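The entries follow in the order in which I made them.

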Amino acid sequence: MLKAQTVLPLINGGRLIERHRSMAFVGATGRGGVNRQALSVEDAEARQLLLSWCSARGYAPEIDPIGNLFIRRAGKQPDQPPVMTGSHLDTQPTGGNYDGIFGVLAGLEVLESLDDAGIETERSVELVVWMNEEGSRFAPATMGSAVSAGAMTLEAALNVRDVTGVSVQQALEDHLAIFPELGRRPLGSSGRAFVEAHIEQGPILEAERRKIGIVNAIQGMCTLEVDITGFEAHAGTTPSLNRQDAFVAAMVLLERLRSKLHDPADVLRFTVGRFEVSPGSSNTVPGRVVFTIDLRHPDVEYMLRCCETIRAFASGTIERCNVNSRLLLRSDPVQFATSITEEIRAAAVRRNIPHMGMLSGATHDSRYASFKMPTGMIFIPCEKGISHNEAENVDPQDLIAGAQVLSDTVVSLAGISS
Ligand SMILES: [Zn+2]
């Protein structure tokens, strides 16, 4: 616990905003957003820019075998597990300027404001840049943190290929060649705690007029694939009763699921984001439909029950078509450590910043960090909740407030040397 007389360093808000501006040039799309997909030239350029700021301060950067970057500001007890903070610099193909970037730049601000105030911490403070959080070039998302936590093997990750056939292994080798001076460290870095600052990517904080979201959990997610086989036939000559229309079967199935899974509390999230109709010809009755269902809920039992309902409904025969499903991914909800959420709450209270507890609808690297160490997340509002979009926008004052709460939390956890 922090002593009452301890003075926590103030972050430099002007510098934080300026750094966001500089980072927005790297991979700029010309439409207000950025495209820095994992291990691309633009991703490397963003890391280079970050490293140039870090080397000016003399921090020691290291990289692990999956490409996670660690930048250490040594504490008085360098052998003690460090307090870690950070996020990601990679983006969606039409990404915004704050998703991930805020957490990295706010983390750098924690290190630098300690320097500016001449403060030595007991534990070291480490800034982490996770590799491939977005998963848009190489699936799945949060690959770097998953491998670091042992939830995915290094070998499996290295073998993943992008649509052009380039493997993670190849892309990593090219990436590392750009940074010959980087120190290496083994997989599995862990610490006393991990705290990630991130934009909310949803509309709740704005609607509730709160500046800080103290994230207590990340909801669970199941991804399923439904495969419906009918029979291709002429659109002009085939009577209704002779048809095995895979699209009609999909509509019937989705309508049944919509009413069966209806959640009056509106907590369940149900999305069909990919839907392929074959052969995709305007005058042929569709012979095959394949689509995905993305299902999310904070309660694991509820989530699994819904998943079973989908499996039961998406089987057998519908509209004379054959229906099958398979589970592509199951990721259970995670609960963050109370010790960390309470530290974040205390920081928001001390700075008199309006705050609230909340759930994260999106998944984050913090999910896997929480497998290894007590973890927490700090959300700040983003305009209209828009994210994964070039129009993503944040009030600069909220960047500053979020970074200050992050700094206070991290410094309290690391402890100030007297
Ligand atoms: Zn993100």
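**Entry 1: Leu 253**

I looked up Leu 253 and found it in helix H8 (residues 246-260). Helices here are DSSP runs of H or I with at least four residues, strands are E runs of at least two, and both are numbered from the N terminus. The model is predicted: local features need pLDDT of at least 70, side-chain atom pairs count only at pLDDT 80 or more, and totals for chains, interfaces and linings use all residues. Residues are numbered from 1 along each chain as its sequence is written, and side-chain values use heavy atoms, with hydrogens and water left out.

Leu 253 counts as buried, at 0% relative accessibility. I use buried for under 20% relative accessible area, exposed for over 50% and partly exposed for in between, with a 1.4 Å probe and protein chains only. Leaving aside neighbours within four places in sequence, I listed the contacts of Leu 253 as Val 226, Ile 228, Phe 291, Phe 313, Ala 314, Ile 318 and Val 323. Contact means heavy atoms within 4.5 Å. I also took the C-alpha separation of Leu 253 and Ile 310, which is 9.3 Å for residues 57 apart along the chain.

Next I checked two loop residues. Ser 167 sits in the loop between helix H5 (154-158) and H6, and at 10% relative accessibility it counts as buried. Not counting residues up to four places away in sequence, Ser 167 touches Phe 138, Leu 158, Val 160 and Arg 161.

Thr 363 sits in the loop between strand S17 (355-360) and helix H11 (365-372). At 25% relative accessibility, Thr 363 counts as partly exposed. With residues up to four places away in sequence not counted, Thr 363 touches Glu 133, Thr 142, Ile 218 and Arg 296. From C-alpha to C-alpha, Thr 363 and Thr 238 are 46 Å apart in space, and they are 125 residues apart in sequence.

I compared helix spans with the expected value, which is 1.5 Å times one less than the number of residues. H2 (residues 41-55) has 15 residues and reaches 21 Å from its first C-alpha to its last, close to the 21 Å expected. Its buried residues are Asp 43, Ala 44, Ala 46, Arg 47, Leu 50, Leu 51, Trp 53 and Cys 54. I found that the buried residues of H2 pack against helix H1 (13-24), strand S1 (60-63), strand S2 (69-73), H3, strand S4 (125-129) and helix H6 (168-178).

H3 (residues 101-116) has 16 residues and reaches 22 Å, close to the 22 Å expected. Of its 16 residues, 14 are buried, so H3 is largely enclosed by the rest of the structure. Just after H3, Gly 118 takes a positive phi of about 65 degrees.

**Entry 2: aromatic rings**

I searched the whole structure for aromatic pairs and got 5. Rings of Phe, Tyr and Trp (its six-membered ring) pair if their centres lie within 6.5 Å; planes under 30 degrees apart count as stacked, over 60 as edge-to-face and the rest as tilted. Phe 70 and Trp 130 are edge-to-face, at 6.3 Å centre to centre and 80 degrees between the planes. This pair links distant parts of the chain, 60 residues apart, with Phe 70 in strand S2 and Trp 130 in the loop between S4 and helix H4 (143-148).

The rings of Trp 130 and Phe 194 have centres 5.8 Å apart and planes at 75 degrees, so this pair is edge-to-face. Phe 194 lies in strand S6 (residues 193-199) and Trp 130 in the loop between S4 and H4, so the pair ties together parts 64 residues apart in sequence. I noted Phe 70, Trp 130 and Phe 194 as one aromatic cluster. Phe 70 is buried at 0%, Trp 130 at 4% and Phe 194 at 0%.

I also looked for charges over rings, meaning NZ of Lys or CZ of Arg within 6 Å of the ring centre and within 35 degrees of the ring normal. Arg 19 lies over the face of Trp 53, at 4.4 Å from the ring centre. Arg 367 lies over the face of Tyr 368, at 5.3 Å.
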